[in-house]
Amino acid sequence: MLEDKIESYKSTGKFMAVTPAKYKTDYPFFKEVDSLALANVQLNLQSAFKSCFDKSRKKKNRFPRFKSFKRSRRAYTTNNQHGTVALTDNSIRLPKIGYVKAVIHHSILM
């Protein structure tokens with residue numbers, strides 16, 4: 001999405017609006033991922049652009065960059081809608097993944 005925004009700015013001078021649904025035909029593995037996780041990535045990109053070009057901020061943020069696969073945390077963010085995320089004694093149920101083993105050190109309020 002970041003690459004498409006940069007390319008559209010170079011060609012037209014404006015940033016185009018991108019959605020994760022546009023990429024599901026080009027990248028079929030996106031269909032295996034929870035749609036809310038992809039929507040969160042889009043929201044993170046939008047907020048990065050907004051904070052970069054916000055004139056009212058005293059401290060200006062840098063232009064959004066591509067993240068390194070080697071140095072980044074392998075995690076994702078999703079939303080809990082109607083009990084799609086659930087905790088058990090030793091696992092977490094995630095949407096489209098199922099139960100994942102986890103070491104839960106303290107109780108989490110939901």
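Here are a few worked exercises on the chain shown above.

Before starting, note that this is a predicted model: local features need pLDDT of at least 70, side-chain atom pairs count only at pLDDT 80 or more, and totals for chains, interfaces and linings use all residues. Residues are numbered from 1 along each chain as its sequence is written, and side-chain values use heavy atoms, with hydrogens and water left out.

**Exercise 1. Overall layout**

Task: Work out which elements the chain has, and whether the chain is spread out or a compact globule.

Solution: 
- Start with the elements: there are two helices and three strands. Helices (H or I, at least four residues) and strands (E, at least two) are DSSP runs, numbered from the N terminus.
- Next, take the radius of gyration, which is 18 Å; the globule rule gives 13 Å for 110 residues, so the chain is more spread out than a compact globule. The radius is taken over C-alpha atoms, and the rule is 2.2 Å times the number of residues to the power 0.38.
- For the outline, the C-alpha atoms fill a box of roughly 50 × 40 × 30 Å along the principal axes.

**Exercise 2. Burial, surface and charge**

Task: Find what share of the 110 residues is buried, then describe the surface and the charged side chains.

Solution: 
- Buried residues make up 19% of the 110. Buried means under 20% relative accessible area, exposed over 50%, and partly exposed in between (1.4 Å probe, protein chains only).
- The accessible surface is about 9400 Å², and carbon and sulfur atoms account for 56% of that. These areas come from the Shrake-Rupley method with a 1.4 Å probe; for residues, only the protein chains shown count as cover.
- Now the charges: 22 side chains are positive and 8 negative, with the centres of the two sets 9 Å apart. Lys and Arg count as positive and Asp and Glu as negative, while His and the chain ends are not counted. Each charge is placed at NZ of Lys, CZ of Arg, CG of Asp or CD of Glu.

**Exercise 3. Residues in the helices**

Task: Locate S8, A37 and L36, and list what each one touches.

Solution: 
- S8 sits in helix 1 (residues 2–12). Its relative accessibility is 8%, so S8 counts as buried.
- Leaving out neighbours within four places in sequence, S8 is in contact with G13, K14, F15 and M16. Contact means heavy atoms within 4.5 Å.
- A37 belongs to helix 2 (residues 35–53), and at 6% relative accessibility A37 counts as buried.
- Skipping residues up to four places away in sequence, A37 touches Y76, T77 and T78. A37 and P95 are 58 residues apart in sequence, with 9.6 Å between their C-alpha atoms.
- L36 is in helix 2 too. Residues up to four places away aside, L36 touches T77, T78, N79 and Q81.
- L36 and N80 are 44 residues apart along the chain, and their C-alpha atoms are separated by 9.2 Å.

**Exercise 4. The sheet**

Task: Give the strand order and the sense of pairing, then trace the bridges.

Solution: 
- Some background: strands of a sheet pair through backbone hydrogen bonds, either parallel or antiparallel.
- Here, three strands form an open sheet in the order 1-2-3 with antiparallel pairing. Two strands pair if DSSP finds at least two bridges between them.
- Strand 1 (86–87) and strand 3 (98–101) are at the edges with a single partner strand each, so one side of each lacks a neighbour in the sheet.
- Strand 1 and strand 2 pair over two bridges. A86 stands opposite R93 of strand 2, and a hairpin links the two strands through three residues.
- Strand 2 (residues 91–94) and strand 3 pair over four bridges. R93 faces Y99 of strand 3, while L94 has G98 as its bridge partner.
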